[in-house]
Amino acid sequence: MTRAAARCRFRQRLLVVFLLAMLIPYGRQLVTSSTVGQDFRAFFAAATVVAHHGDPYNWPSLAATEYQLYDAPQGLAPGNPAYYEFLAFPEGPWLAYALAPVTNLPWQVAYAMYATLLGLILLAASFLTCTMLGWSRRRAALGAGCTLLCAVGFINLFMGQVSVIVFGAFIAAWWLARERRPWLAGAVLALVWVKPNIGLPLPLVLALLEPAVARRMMSGFVVASAGAFGLMAAIMGLRFLEWPLQVPRMWQAVQGLQPDIASVESFFYPGLHGWVKTAALLVTVLAAVAYGVWAIRRAPDARTRGLTLLIIWLFALPFVQSYDLVLLLPAMALLLGPRLDGWEDPLVELTIWGFAVIPLLYFLGARLGYFNGFTVIPFSLLVIVWHRRMLRATAVPAEVRAA
C-alpha cells in the first residue's frame with residue numbers, strides 16, 4: 001500500500017470513528033429534545049383525524065387535533081419551547097390511512113415503532129444500493145451503517161420523515177428492474193406518491209437508469225398509480241382533490257425564514273417576498289432545465305444520466321430539506337466507486353464530511369442573516385464534483401485523458 005493510499009484509509013477510518021462517536025449526541029437529542037418526532041406527529045395527527053372520519057387536509061381540524069394530542073395534556077402555550085406548532089400534512093393520504101390503526105397507542109410508542117421501521121428500511125436500501133453499484137458485501141454493509149449514522153440519516157429518524165420510504169421504494173424498484181421484473185418494479189415505485197415533491201421524477205430517473213425495461217416498468221407504475229388513486233378517491237370522495245393543493249398552500253403560507261432547507265432555495269428565497277420570490281423560483285427552474293438538457297446529453301452512460309436528473313431535480317426544487325437528500329446516496333456511492341478510489345479526490349471527501357456534519361447545525365439553531373439551510377453547502381459541493389468528474393471529463397477525448 002502506497003503512502004497516499006494509507007492516508008486515505010486512515011481518513012476513512014476516522015470518519016467511521018466520528019460517526020460512531022456521534023451516537024452520544026444523537027442519543028442525548030432523542031432523550032432531551034422537545035422536537036423529537038416532529039414530522040411524525042403531524043402524520044399521527046392526520047391519521048387520528050382519519051380514524052375519526054375527518055379530513056386530514058382540513059387545516060383547522062388538523063390543528064385542533066395536534067393541540068389535543070401534544071399541547072393540551074401538558075397545558076403548553078405558545079412561547080413554551082415544548083409547544084407543538086401547527087404542521088400541515090402535505091403527504092399523500094395513503095400515509096394517514098396506513099397509520100390510522102396505531103392511533104389507539106400513545107404517539108411515543110407509535111413513533112418508536114415507526115422510527116425502527118425507518119431505520120431498517122434505510123439500512124436495507126443503503127446496502128442494496130452499494131451492492132448494485134459493485135461494492136463488496138463487506139463495504140456495502142459498512143456504507144449502510146455510515147448512512148444510518150450520518151447526519152442526514154439521523155435527521156430522518158429523528159423527525160420521522162417519509163423520505164426513507166420513498167428512498168426504499170426507489171432502490172427496491174431499481175433492483176427489481178435490474179432483475180428483469182419491470183412490472184413489479186413499476187408497482188413498487190408507486191409508493192413515491194406518499195411524497196410526490198421528491199418522488200415525481202423517480203419513474204423517469206429509473207427509466208434512464210434501466211432503459212431496456214423502461215416501457216414495461218412505466219406501464220406497471222401507471223397501472224399501480226391508477227389503482228392507488230382510484231382506491232383513495234373511492235374512500236375520500238371529493239376530499240381527495242384537496243391533497244394536490246397542499247404544497248401550493250404551504251408555498252403561499254411560508255414566506256419567511258424556513259428551517260433546514262437544503263436546495264438552492266435556501267441561498268436567496270427566504271430573503272425575497274411576493275412576486276420577486278416567485279420570479280426567482282421561475283428563473284432557477286429554467287436554469288435547471290437548461291443545464292439538465294446539456295448535462296443529460298453529455299452523460300456517458302445510463303447510470304450517470306439517471307442520477308444527473310435526480311441531482312438537478314433536488315437541487316432546484318423548493319422545500320427540499322436535509323432528510324430528503326438520502327436519495328443522493330446512489331450518486332455518492334457511484335462517485336466513490338467499488339474500491340473507494342473516489343476518496344482520493346479532496347472535493348469528494350469534503351462533500352462526504354459535509355453531509356456527515358453540516359446538517360447538525362439545524363439542531364444548534366445556527367443562522368447567518370436569513371440563511372439557515374446550511375446543508376445546501378455540501379449539496380452544492382456534490383453538484384460541482386458531479387459536474388467535474390461525471391460530466392465535464394467526458395468532453396475530453398479518452399486518449400487525451402490517458403496522456
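Me: What kind of crossing is it when H6 passes H7?
Reply: H6 passes H7 in a right-handed crossing, and please keep in mind that what we are looking at is a predicted model.

Me: How do their axes sit, then, within what distance and at what angle?
Reply: The axes of H6 (residues 107–132) and H7 (residues 137–149) come within 8 Å and cross at roughly 140°, and H6 and H7 are therefore oblique to each other.

Me: Which residues make that contact?
Reply: On the H6 side they are Gly119, Leu122, Leu123, Ser126, Phe127, Cys130 and Thr131, and on the H7 side they are Arg137, Ala140, Ala141, Ala144, Gly145, Thr147 and Leu148. Sorted by class, the contact of H6 with H7 has eight nonpolar, five polar and one charged residues.

Me: While we're on H6, is Ala115 buried or exposed?
Reply: Ala115, which is in helix H6, counts as buried because its relative accessibility is 12%, and the cut-off for buried is under 20%. The C-alpha atoms of Ala115 and Gly160 are separated by 6.1 Å, although these two residues are 45 residues apart along the chain.

Me: Switching to H3 and H4, what angle do they make?
Reply: The axes of H3 (residues 38–51) and H4 (residues 59–71) cross at roughly 110° and come within 9 Å, so H3 and H4 are roughly perpendicular to each other. H3 passes H4 in a right-handed crossing.

Me: And which residues meet there?
Reply: From H3 there are Arg41, Ala42, Phe44, Ala45, Ala46, Thr48 and Val49, and these meet Ser61, Leu62, Thr65, Glu66, Leu69 and Tyr70 in H4. The residues of this contact of H3 with H4 divide into eight nonpolar, three polar and two charged.

Me: OK, new topic: how many residues has the largest nonpolar core?
Reply: The largest nonpolar core has 126 residues, and the ones with the most contacts inside it are Phe170, Phe379 and Trp386.

Me: What does Phe170 touch?
Reply: If we leave aside its neighbours within four places in sequence, Phe170 is in contact with Leu189, Leu202, Val205, Leu206, Leu209, Leu310, Leu327 and Pro330.

Me: Is H12 mostly covered or mostly open?
Reply: H12 (residues 202–209) is mostly covered, since six of its eight residues are buried, namely Leu202, Pro203, Val205, Leu206, Ala207 and Leu209. Those buried residues pack against H9, H10 (182–189), H11 (196–199), H13 (214–236) and H17 (302–316).

Me: And Arg178, where is that?
Reply: Arg178 lies in helix H9 (residues 163–178), and it counts as partly exposed because its relative accessibility is 36%. Apart from neighbours within four places in sequence, Arg178 is in contact with Met132 and Glu210.

Me: Where is Leu340, and what is its phi near?
Reply: Leu340 lies in the loop between H18 (329–336) and H19 (346–357), and its phi is near 60°, a positive value. With a relative accessible area of 19%, Leu340 is buried.

Key:
Residues are numbered from 1 along each chain as its sequence is written. This is a predicted model: local features need pLDDT of at least 70, side-chain atom pairs count only at pLDDT 80 or more; totals for chains, interfaces and linings use all residues. Side-chain values use heavy atoms; hydrogens and water are left out. Axes are lines fitted to C-alpha atoms, for helices over the stretch in contact, and angles run from 0 to 180 degrees between N-to-C directions. Helices (H or I, at least four residues) and strands (E, at least two) are DSSP runs, numbered from the N terminus. Angles under 35 degrees count as roughly parallel, over 145 as roughly antiparallel, 65 to 115 as roughly perpendicular and the rest as oblique. A crossing is left-handed if the near helix is turned anticlockwise from the far one by less than a right angle, and right-handed if clockwise. Contact means heavy atoms within 4.5 Å. Ala, Val, Leu, Ile, Met, Phe, Trp, Tyr, Cys and Pro count as nonpolar, Asp, Glu, Lys and Arg as charged, and the others, Gly among them, as polar. A nonpolar core is a set of buried Ala, Val, Leu, Ile, Met, Phe, Trp, Tyr and Cys residues joined through side-chain atoms within 4.5 Å. Buried means under 20% relative accessible area, exposed over 50%, partly exposed in between (1.4 Å probe, protein chains only).
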